[in-house]
Amino acid sequence: MDVEETQLHRCPSADLDFSFNSTATDRTFASSSARSSLARSSLTLSFNDRLSTTSSTTTTTTTTIKNSLHHRKCDPHWSAIKTATNLSTDGKLHLRHLKLLRHLGTGNLGRVFLCQLRDCSDASFALKVIDKDSLTKKKLSHVQMEGEILSMLDHPFLPTLYAHLEVSHYSCLLIDYCPNGDLHSLLRKQPGNRLPVQAVKFFAAEVLVALEYLHALGVVYRDLKPENILLREDGHIMLSDFDLCFKADVVPTFDRRVQKKRMAGSMRKGGNCFGAVNRRGVEEEEVVEEEFVAEPTAASSRSCVGTHEYLAPELLSGNGHGNGVDWWAFGVLVYELLYGTTPFKGGSKESTLRNIASSKHVTFHVMEGEGKAMEEARDLVKKLLVKNPGQRLGCTKGATDIKRHPFFDGINWPLIRNYKPPEVRGLVAKKGRSHPSGRLQGGASSPRRKSWWRLWKKGGGGLGSLLRNKGSSPRYCSLSNSQHYNGNYHHYTIRKSA
Ligand SMILES: Nc1ncnc2c1ncn2[C@@H]1O[C@H](COP(=O)(O)OP(=O)(O)OP(=O)(O)O)[C@@H](O)[C@H]1O
């Protein structure tokens with residue numbers, strides 16, 4: 001474990017006190033309090049690329065508030081931010097406007113806190129704080145990628161970036177808070193770690209829509225797994241963690257196909273001016289189908305990133321991959337939600353990777369009395385877990401093809417965000433205020449101030465202090481050698497990286 005001590009200085013213009021010794025670890029992370037200890041971390045494939053750290057003596061505060069034309073500008077989050085910025089002397093949001101309520105968890109890049117704006121408890125946020133001085137060059141590029149992707153998003157199943165604050169060597173991202181934990185923890189609360197098939201349909205459909213949106217923006221997600229699917233207060237999903245994404249140019253195309261279709265009610269000899277008769281005497285007409293394909297099917301990267309059990313075979317080969325890796329991972333996800341385990345899991349990470357590379361077909365444990373929905377789910381998984389990306393469902397026309405699979409029959413896609421989340425053990429989906437359209441609206445909870453917050457404040461606090469004194473509160477997940485965050489964090493970087 002690499003440990004680095006960085007001495008920082010107090011800057012008069014800073015929002016908070018940053019004088020502290022930051023202890024940064026390279027591959028050891030505190031386990032998240034909000035996440036199951038079995039959660040798998042994402043992997044990368046390169047080592048010893050630590051950035052030489054230079055202590056920063058100057059602090060710059062840059063505040064970026066997302067465009068005010070956001071369609072949700074009337075929701076409590078934007079209203080709270082508007083109020084704070086209106087009262088701010090420079091019209092910008094600063095860290096001093098936020099009150100941190102609780103530590104939510106620690107990831108590879110930084111720590112996440114639950115927070116609210118001062119004088120406004122109507123809206124809760126998650127603040128991801130990244131100490132850039134403690135990161136390797138590679139991880140810094142991930143931070144940059146995450147900020148870049150977040151700033152592009154405007155979708156109900158993806159986080160909204162309310163503000164991006166650059167303060168001294170901290171990068172702080174203010175996003176939606178998800179009080180219902182993640183899908184991995186929810187799965188662990190179910191009997192046999194399996195969700196009922198209708199619940200799988202719901203969560204899979206929402207993930208599919210989120211991936212479709214990302215792909216249409218040219219973003220290949222590359223880290224799909226239940227741990228990264230957070231659950232909002234209303235029980236709908238929010239995909240998180242965009243540090244392993246890659247961005248490609250989107251070249252939308254029109255997929256043009258000429259298809260022969262049987263003419264309605266026709267079974268006669270000879271043709272007419274609209275149709276022709278085939279050898280079996282069925283009258284057919286030629287139908288030209290044109291479809292808009294907006295997803296970056298041709299995009300390609302060679303970096304091998306992701307989580308072992310979710311890696312697509314083409315990621316392992318290192319010969320380049322595109323958004324097909326997300327559809328493979330989508331197949332693994334549906335399998336895991338149905339069966340409580342992933343399809344290629346071996347006794348070790350190496351054997352998992354070998355299984356992915358060598359297995360020809362996915363196998364299922366079929367139980368007696370399973371209904372049609374389960375059969376269709378298996379068929380969907382089979383079509384997604386096809387080794388050759390060229391033949392994998394979703395790799396030609398993207399999400400459109402997957403949405404048409406019988407497993408998703410009956411889903412009214414444009415209204416999916418209004419669906420009532422499934423009633424499953426451990427999911428407390430709070431109904432939002434009803435909307436004229438009848439849909440659920442995501443509201444934020446108003447968590448009570450925790451006593452340790454007063455401690456933090458009394459102790460002279462500041463962000464730096466909060467980060468340093470991570471073990472001072474019983475609610476804190478302390479960072480210690482014995483609490484490795486899974487210990488399986490590797491970045492597989494294949495040299496020919498795109
Ligand atoms: N918006 C959020 N709402 C609620 N909890 C969150 C939110 N974002 C993150 N968390 C919690 O904080 C923890 C750390 O999140 P973070 O995104 O930094 O890392 P991660 O999910 O482990 O991913 P990675 O380490 O790959 O970046 C998560 O495990 C989750 O429990």
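The model is predicted, with local features needing pLDDT of at least 70 and side-chain atom pairs counting only at pLDDT 80 or more, while totals for chains, interfaces and linings use all residues. Residues are numbered from 1 along each chain as its sequence is written, and side-chain values use heavy atoms, with hydrogens and water left out.

Helix H4 (residues 197-216) packs against helix H6 (residues 324-339) at an angle of about 165 degrees, the axes being 10 Å apart. H4 is therefore roughly antiparallel to H6 (an angle over 145 degrees). Axes here are lines fitted to C-alpha atoms over the stretch in contact, and angles run from 0 to 180 degrees between N-to-C directions. On the H4 side the meeting residues include Phe203, Leu211 and His215, and on the H6 side they include Trp327, Phe330 and Leu333; contact means heavy atoms within 4.5 Å. By class, the residues of this contact are 13 nonpolar, one polar and two charged.

Tyrosine 310 sits in the loop between strand E15 (283-293) and helix H5 (313-317). Its relative accessible area is 4%, so tyrosine 310 is buried (under 20%, with a 1.4 Å probe and protein chains only). Beyond neighbours within four places in sequence, tyrosine 310 contacts residues including Arg40, Leu224, Trp328 and Leu333.

Definitions and conventions: Helices (H or I, at least four residues) and strands (E, at least two) are DSSP runs, numbered from the N terminus. Angles under 35 degrees count as roughly parallel, over 145 as roughly antiparallel, 65 to 115 as roughly perpendicular and the rest as oblique. Ala, Val, Leu, Ile, Met, Phe, Trp, Tyr, Cys and Pro count as nonpolar, Asp, Glu, Lys and Arg as charged, and the others, Gly among them, as polar. Buried means under 20% relative accessible area, exposed over 50%, partly exposed in between (1.4 Å probe, protein chains only).
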